[in-house]
Amino acid sequence: MMRLVLSVLRRLNKLRHLTGLGQRWVVAFALGLAIALTLTGCQLRQLRTQAAQGSQLVISTITDPNTFNFANKNTFPSIFLFAYDCLTTENGVTGAIEPALAESWQVSDDDKRVVFTLRPGLKWSDGVPLTADDVVFTYQDIVANPDVPTDAKEGIQIGVNKAYPKVRKLDDRRVEFILPEPFAPLIRATAGPDGIVILPKHALANTLKTKERDGNLTFLSTWGTDTDPRKIVVNGPYQMESYTPGQRLVFRRNPYYWRKDEQGTQLPYIDRIVWQIVENLDTQLLRFRSGEMDAIGDVRPLRAEYVSLLKREEQRGRFTIQDGGPWSGTLYLTFNLNKAKNKDGKPFVDPIKSRWFNTLAFRQAVAYAIDRQRINNNIFRGLGVIQNSPISVQSPYFLQDGLKVYDYNLDKARTLLTQAGFTYNAQGQLFDVDGNRVQFNLITNANNLTRVAIGAQVQQDLGKIGIQVNYQPINFNVLIERTSSSRNWDAHIIGFTGGVEPHAASNLWVSSGASHAFNLKQQPGQPPIQGWAPNDWETEIDRLFITGARELDETKRKAIYADFQRLVQEQLPVIHLVNDRALMAVRDRVQGLKYTGLPSWGLWNIQELRIRKDKV
């Protein structure tokens, strides 16, 4: 351990002049970190000993899972990446939709009927057959159930009436989807890894028949993270073996998984996955460099400042940095535009702040005041991509030119504010027309150091136009609770996963969506709210999404989503910042990787990965 202490000390001492911390603190921190890493190393060696008869992959995530129940999923990553399959899947390299649980599908000539044919012999992890009944149960009884507030709803709601496909069993292997009108996004909505996973009717059906004391279905409290993970029935490559909150979640091969390789060998190849829960990204880096982890950057791309350090260590550390180009996710700042009140008649947002936030000129001034190029230079080391669109750069619907952009311009920001009635005092502080000092609270998730750094710069940038930002990074699950339930926030910085199909983000952009945080409507199971209403531009976005989903002509669809992108940039419900570059470091012993910036998860083909035994 002393060697590890000395190693950490050498690195920390190099940073003392930046931190201003004393030698005593540095020694104490180094010793504590070394002890923690030593204990962790012992635990991991024990896990490896237990798994000595098979192969093992060790990776990490920054937060505990918030649920084992797909219907309650509202964060990424999640256990569903490992444990569940969908009817179809999206190839992470080409973006093409490929068969998964369904071996094929046929679309009628009028595009209003789709029949999926399941693979023969499918089984759940408990050995029970997986049939068309499970597909009907998932789509009809869960996703389309008005009492189940799942994020998956908006992805398959069709037309003005938000109708769901009528899903009917034809026989044990065939399922019919009847649509009220053509719906272009349907097949991609059925695709993994981020689509609608199929859930087991035999394990969950009874929970939809009873209610708890609060009036909510028993289903909603079923399969929480306090459930024995071994009791969760899955259909994906891995099933859960154990969960230690704040430490790790261990997966083992699902013996009934359906996939086989060309030689007939059942997948996945890797026997065991250890998913470490490590909130601090610097600690993740230390564990990877010490050889305790097999990959870093698979969930969120590598922090830019890690790249040069790791690049120098590739050969000695026996790993490779994968560069997938621009990442498909987006990163943005948004204000709480909700004018509604809670059940007791209290506004969710301070009415004084609400007037600022709902003034377009205020949002535009903030956008002009944020120096995104400096964010890219200083935080992303020039590797990022300045984002001006809500659609991923990999999507054929991404609008390259013709969007309103908000390049850094303090004079323009101040002019917009003064024209909107705001004034400055002698100290350069900003006040509204009623003499209120302009200040608001900004939050982001504390375990994402890139966002923490961006928030600090935003605080500095807005100070230059007289706005006081009270900045507080908080726990990620607390952040999600505030933005998706209590609505107790002013502004926040967060990311959203992306991809090829714009409609996949309908949960964020449609006004009824559960992720429509900037003006969140009452969601199923939540207390009633008073006075909620969408803005005119939100109603127009709703119309564009309905029209875009109905349109099957690709040229016309591109024109519709171009209008959507232009509208978002004009009205600025979110202020896009800088997008990550898809960078991931992976041990050379991990084989079969197919890495690009398109999929949200760098290990999207995990069932095909192998561990080479001749590599250590």
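At what angle do helix α7 and helix α8 pack, and how far apart are their axes? In this predicted model, helix α7 (residues 281–289) and helix α8 (residues 304–317) pack at an angle of about 5°, and their axes are 12 Å apart; the axes are lines fitted to C-alpha atoms, for helices over the stretch in contact, with angles running from 0 to 180 degrees between N-to-C directions.

**Basis of the model**

The model is predicted, and local features need a pLDDT of at least 70, while side-chain atom pairs count only at pLDDT 80 or more and totals for chains, interfaces and linings use all residues. Residues are numbered from 1 along each chain as its sequence is written, and side-chain values use heavy atoms, with hydrogens and water left out.

**The α7 and α8 pair**

Two packed helices are described by the angle between their axes and the distance between the axes. The helices α7 and α8 are therefore roughly parallel to each other, a term for angles under 35 degrees, with over 145 counting as roughly antiparallel, 65 to 115 as roughly perpendicular and the rest as oblique. From α7, the residues L281, D282, L285, F288 and R289 meet Y306, L309, L310 and E313 of α8, where contact means heavy atoms within 4.5 Å. The residues of the contact of α7 with α8 divide into six nonpolar, no polar and three charged, counting Ala, Val, Leu, Ile, Met, Phe, Trp, Tyr, Cys and Pro as nonpolar, Asp, Glu, Lys and Arg as charged, and the others, Gly among them, as polar.

**The whole protein**

The protein has 17 helices and 25 strands, which are DSSP runs numbered from the N terminus (helices H or I, at least four residues; strands E, at least two). Its radius of gyration is 25 Å, close to the 25 Å that the globule rule gives for 616 residues, so the protein is as compact as a globular protein of that length; the radius is taken over C-alpha atoms, and the rule is 2.2 Å times the number of residues to the power 0.38. Along the principal axes, the C-alpha atoms fill a box of roughly 75 × 65 × 50 Å. Of the 616 residues, 55% count as buried, where buried means under 20% relative accessible area, exposed over 50% and partly exposed in between (1.4 Å probe, protein chains only). Among contacts in the protein with a separation of 6 or more, 69% come from residues 24 or more positions apart.

R252 has its place in strand β10 (residues 248–253) and, at 29% relative accessibility, counts as partly exposed. Leaving aside neighbours within four places in sequence, R252 is in contact with residues including R230, Y238, E241, D271 and R272. The C-alpha atoms of R252 and T190, which are 62 residues apart along the chain, are separated by 25 Å. P268 lies in the loop between β10 and β11 (272–277), and the peptide bond from L267 to P268 is cis, with omega near 0°.

**Other backbone features in loops**

A cis peptide bond also runs from F76 to P77, with omega near 5°, and P77 is found in the loop between β1 (56–61) and α3 (80–83).
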